[in-house]
Amino acid sequence: MNRKTKAKSAFTLIELVVVVAILTLLFTLLLPARASTRANVARITCVNNLKQVGLAFRTWADAHQARFPMKVADSQGGAAGAVPVAGATAPNVWRIFQVLSNECKTPKVVVCPADERNPRTNFLNVTVGTTYRDFFDNTAVSYFVGADADDTRPQMFLSGDRNIGTGPFNPSSYGYSPSTVLGAAVSIGTNTSTGTGANLQWTDKMHQKQGNVLLADGSVQQLDSSRLRDELRRTGDSSAAKYTVISLGGNNILLP
């Protein structure tokens with residue numbers, strides 16, 4: 001009986017090189033798409049976080065004569081003591097969000113997924129039984145707070161991403177510093193056409209030179225740097241500057 005044998009085949013060196021080249025090309029083409037998808041998901045999650053933060057502020061204010069925690073004394077359950085007095089520059093932004101703990105439910109909503117900071121497990125700042133404190137400095141928070149935001153000025157900045165700076169390569173002037181717990185209190189004003197104001201922009205951290213802002217009316221705006229400056233002009237805040245790090249008049253922002 002004749003036995004039919006099948007010839008064994010194998011990749012030639014040239015075929016192997018071609019396959020490797022094709023796989024490398026596909027990987028190169030798909031990698032930016034995957035990175036872009038992750039960035040978009042992080043930004044959408046950040047928007048949802050800020051919407052929950054806005055609802056928390058609103059719910060809390062409804063029980064406190066339409067005042068946000070920044071305007072209510074600590075002795076009355078608020079966090080006015082976390083807001084620096086004029087000239088001071090180190091706000092305890094975390095205290096403001098801690099006051100909202102019943103409304104926020106979880107510390108995850110006060111950390112942007114595009115930030116280097118990690119969410120805490122609880123809102124405690126003291127050890128209770130076997131549950132250790134976990135929420136006790138500004139590194140627990142990603143979002144700034146507008147010190148003077150209130151219901152009467154719906155376009156005021158209530159909260160938003162902390163990566164506001166004077167340029168994409170100079171974040172240390174304002175809010176983006178993964179290691180510091182001091183934060184910064186700045187008066188970024190409404191005149192964003194000239195001088196330092198014209199340099200206000202999102203840094204290249206977190207949302208690829210963009211950012212999200214929660215307004216006092218509860219809406220969340222996704223802004224590029226140009227629209228960030230436009231929105232600051234629309235806030236209607238004509239108050240004087242309180243802080244000296246950046247002192248452009250009005251829009252007093254507390255960065256964690």
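Helices and strands are taken here as DSSP runs numbered from the N terminus, a helix having at least four residues. I worked from a predicted model.

**Entry 1. Salt bridges**

I began with helix α4, where Asp230 and Arg233 both lie, three residues apart, about one turn of the helix. I found the two joined by a salt bridge, with the closest N and O atoms 2.2 Å apart. Asp230 is partly exposed at 22% relative accessibility, and Arg233 is partly exposed at 38%.

I then searched the whole structure and counted nine salt bridges. One of them pairs the side chains of Asp151 and Arg58, at 2.7 Å from N to O. Asp151 sits in the loop between β1 and β2 (157-161) and Arg58 in helix α1, so this pair ties together parts that are 93 residues apart in sequence. I noted both partners as partly exposed, Asp151 at 33% relative accessibility and Arg58 at 27%.

I next looked up Asp148, whose side chain meets that of Lys242 in a salt bridge of 2.7 Å, N to O. Asp148 belongs to the loop between β1 and β2, and Lys242 to the loop between α4 and β8; the pair therefore ties together parts that are 94 residues apart in sequence. Asp148 counts as buried, with 10% relative accessibility, whereas Lys242 is partly exposed at 32%.

I also recorded a network of salt bridges that links Lys71, Asp150, Arg153 and Asp237.

**Entry 2. Nonpolar cores**

Which residues have the most contacts inside the largest nonpolar core? I listed Phe57, Met70, Ile96, Phe97, Val110, Phe135 and Leu254, in a core of 42 residues. The elements giving two or more residues to this core are α1 (13-62), α2 (93-99) and β1 (143-146). Helix α1 supplies the largest share, eight residues.

I followed Phe97 in particular. Leaving aside residues up to four places away in sequence, Phe97 touches Val53, Phe57, Val110, Phe123, Phe135, Val141, Tyr143, Phe144, Val145 and Ser159. I then noted a second, separate core of 15 residues, which includes Val213, Leu228, Leu232 and Leu255.

**Entry 3. Cysteines**

How many disulfides does a search of the whole structure find? I found zero.

**Entry 4. Surface patch**

I looked up the nonpolar surface and recorded a patch formed by Ile14, Val18, Val19, Ile22, Leu23 and Leu26, with about 540 Å² of accessible area together. Of these, I checked Val18, which lies in helix α1 and counts as partly exposed at 42% relative accessibility.

**Entry 5. Backbone angles**

Most residues other than glycine have a negative phi. I noted two residues with positive values. Ala66 is not a glycine, yet its phi is about 60°. Ala66 is placed in the loop between α1 and α2 and is partly exposed, with a relative accessible area of 42%.

The phi of Asn251 is also positive, near 45°. Asn251 lies in the loop between α4 (225-234) and β8 (252-255). Is Asn251 buried or exposed? I found Asn251 buried, at 1% relative accessibility.

Definitions and conventions. Residues are numbered from 1 along each chain as its sequence is written. This is a predicted model: local features need pLDDT of at least 70, side-chain atom pairs count only at pLDDT 80 or more; totals for chains, interfaces and linings use all residues. Side-chain values use heavy atoms; hydrogens and water are left out. A nonpolar core is a set of buried Ala, Val, Leu, Ile, Met, Phe, Trp, Tyr and Cys residues joined through side-chain atoms within 4.5 Å. Buried means under 20% relative accessible area, exposed over 50%, partly exposed in between (1.4 Å probe, protein chains only). Contact means heavy atoms within 4.5 Å. A disulfide is a pair of cysteine sulfur atoms within 2.5 Å. Patches are made of residues with over 30% relative accessible area and no salt bridge: like charges are joined within 9 Å, nonpolar side chains (Val, Leu, Ile, Met, Phe, Trp, Tyr) within 5 Å. Accessible areas come from the Shrake-Rupley method with a 1.4 Å probe; for residues, only the protein chains shown count as cover. A salt bridge is a side-chain nitrogen of Lys or Arg within 4 Å of a carboxyl oxygen of Asp or Glu.
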